[in-house]
Amino acid sequence: MTDLTYSDLIRDAQTRLGNYLTPCVRLGVTGLSRAGKTVFITALVRNLVSGGRLPFFSADAEHRIVRAYLEPQPDDSVPRFDYEAHLHDLLSVPPSWPDSTRRISELRVTIEYQSTSLLKRFVGLSKLHVDIVDYPGEWLIDLPLLDQDYRTFSTEALALAAAPERAEIAKPFLSFLAGTDPAAIEDEQIAMTGAKLFTDYLRRMRESGAQSTLAPGRFLLPGDLEGSPLLTFFPMPLASGERPPRSSLAAMMMRRFESYKSTVVKPFFNDHFARLDRQIVLVDVLGALNRGAAAVGDLERAMTAILKAFRPGANSWLSLLIGRKIDRILFAATKADHLPASSHDRLEAILKLIVDEAISRAETEGAGVSAIALAALRATRETTAKQGSEILPCLRGTPIQGETIGGVTFDGATEAAIFPGDLPIDAAAALSAARSAKTASLELVRFAPPKLIDTLPDGKPAAFPHIRLDRALDFLVSDYLA
Ligand code: GDP
């Protein structure tokens, strides 16, 4: 304190006042594991701070963006999104994809712009803080638990585990449960064994491509809670109407379930979720279409659950808590660069259909919802290949090591031209085919990141290639930049 001069203090007060007066939009970025959150945020920020090519971002198209830059993240209790480390991975030689999101993090980008309002122009340049909040979609799936007691949670979770498409994977857990008496005296070792088997089942379901109803989300992505007693519980069948006897195993599970809700789910909800203004939900639609019927059905259930969290019905408990803060939600089908340009609109149309149907199933109301297909970081270029008399739209990129297509295994260093297939023109027909498909209709390979340039000859940072990132940005923030 003694080192601070009066002018330091005044400068600090001015900064604080400036920040206080600068409007701020809190933008949530979520999606299930591997949906593309980390790549999306890194590419978005890079293109903003480098003044990248964003022709469909209206403020940029109108040449009103003066500059964008990173500022210290304002929430001291939330880790900062590790933008520089992720950028470093993408810019290394050879480039590598950054580590995925495993917990919540935040980053502040400030945009200086010329307002269209005469009054604001008179005062000078306008500023907007965009606080980007990155969090796992797995945590979002936990929100409905706030409305459930242990008995309801157990009934639903056990019915799902016994469903035909899950029973095989759930077998070790279900057999353990069959030999465990809920009325037996509480025992930490039994709790740990059961929680481990339950978690293994959830993880294996996730690895097999399931996206929906895998609560509790922290069992899949524990963040800082790995090994905590808060995660040492599992669902048990309870006789209806009866409270489990004191000090029984079932009573212990019930207590821990309630602690999980009050110590994990509620704080996330109050401290982060309820403070968001806008939300983008990244969805790996292509991956689901490619895995076939079960994956598509599962994706549709997950979308309905996500929509219920964001657009709770008028009289639901969630809407009372949220107070309708989030007013725009964008669903984005990521990794569109795995398909040729002719299929981008088709992918978008399929996602729109899934979202529209999820809206009517969820019977929700509230925020405006839109859908888009994008690639935050374009790893492929368009090309064509001749097959007989036919010209096929292909993609040129470097498939990652170990990917195979048509019997060829790639070494991770060689470029190749791939024909992934095309999506049908009619979205409804495409979706209904995917809902009943037993095998994949596309041939997708994962690509390494493109070779990127860090700085331009004039010393400025280079922009990164993308598909429709600017349209997403336009939907999410451009009205704040009027
Ligand atoms: P997160 O778990 O949601 O943070 O997912 P990531 O952002 O880490 O993305 C998971 C993986 O998807 C990456 O490692 C890439 O392989 C791939 N990916 C994500 N975005 C893109 C993209 O725009 N284009 C391509 N080709 N691949 C992407």
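Strands β8 and β9 pair in the antiparallel sense over seven bridges. Here two strands count as paired if DSSP finds at least two bridges between them. Helices (H or I, at least four residues) and strands (E, at least two) are DSSP runs, numbered from the N terminus. The model you are looking at is predicted: local features need pLDDT of at least 70, side-chain atom pairs count only at pLDDT 80 or more, and totals for chains, interfaces and linings use all residues. Residues are numbered from 1 along each chain as its sequence is written.

Strand β9 (residues 390–397) is joined to β12 by three bridges. Along this pairing, Arg396 stands opposite Ala417, and Gly397 stands opposite Ala416.

## Strand β4 and its partners

Now look at strand β4 (residues 126–134), which pairs with strand β1 (residues 24–30) in the parallel sense over six bridges. In this pairing, Cys24 has His129 of β4 as its bridge partner.

Strand β3 (residues 105–113) also pairs with β4, but runs antiparallel to it, with nine bridges joining the two. Val109 stands opposite Val130 in β4.

## Around the ligand

How many residues surround the ligand? There are 20, and the closest are Gly36, Lys37, Thr38, Trp97 and Ser100. A residue is near a molecule or strand if its C-beta atom, placed from the backbone, lies within 6 Å of it.

By class, this shell has eight nonpolar, seven polar and five charged residues. Ala, Val, Leu, Ile, Met, Phe, Trp, Tyr, Cys and Pro count as nonpolar, Asp, Glu, Lys and Arg as charged, and the others, Gly among them, as polar.

## Two domains

The protein chain is divided into domain 1 (18–135 + 277–482) and domain 2 (143–270), with bounds that come from an automatic or database domain assignment. Their centres, taken over C-alpha atoms, are 33 Å apart. The contact takes 15 residues from domain 1 and 12 residues from domain 2; two residues are in contact if their C-beta atoms, placed from the backbone, lie within 7 Å.

On the side of domain 1 that touches domain 2, α13 (293–310) and α14 (317–322) each supply at least two residues. Helix α13 gives the most, with eight residues. The residues of this side divide into nine nonpolar, one polar and five charged.

## Helix α13 meets α16

The axes of α13 and helix α16 (residues 427–436) come within 6 Å and cross at roughly 115°. That makes α13 roughly perpendicular to α16 (angles under 35 degrees count as roughly parallel, over 145 as roughly antiparallel, 65 to 115 as roughly perpendicular and the rest as oblique).

Ala293, Val296 and Gly297 of α13 make this contact with Ala434, Arg435 and Ser436 of α16. By class, the contact has three nonpolar, two polar and one charged residues.

Terms used:
Axes fitted to C-alpha atoms, helices over the stretch in contact; angles between N-to-C directions.
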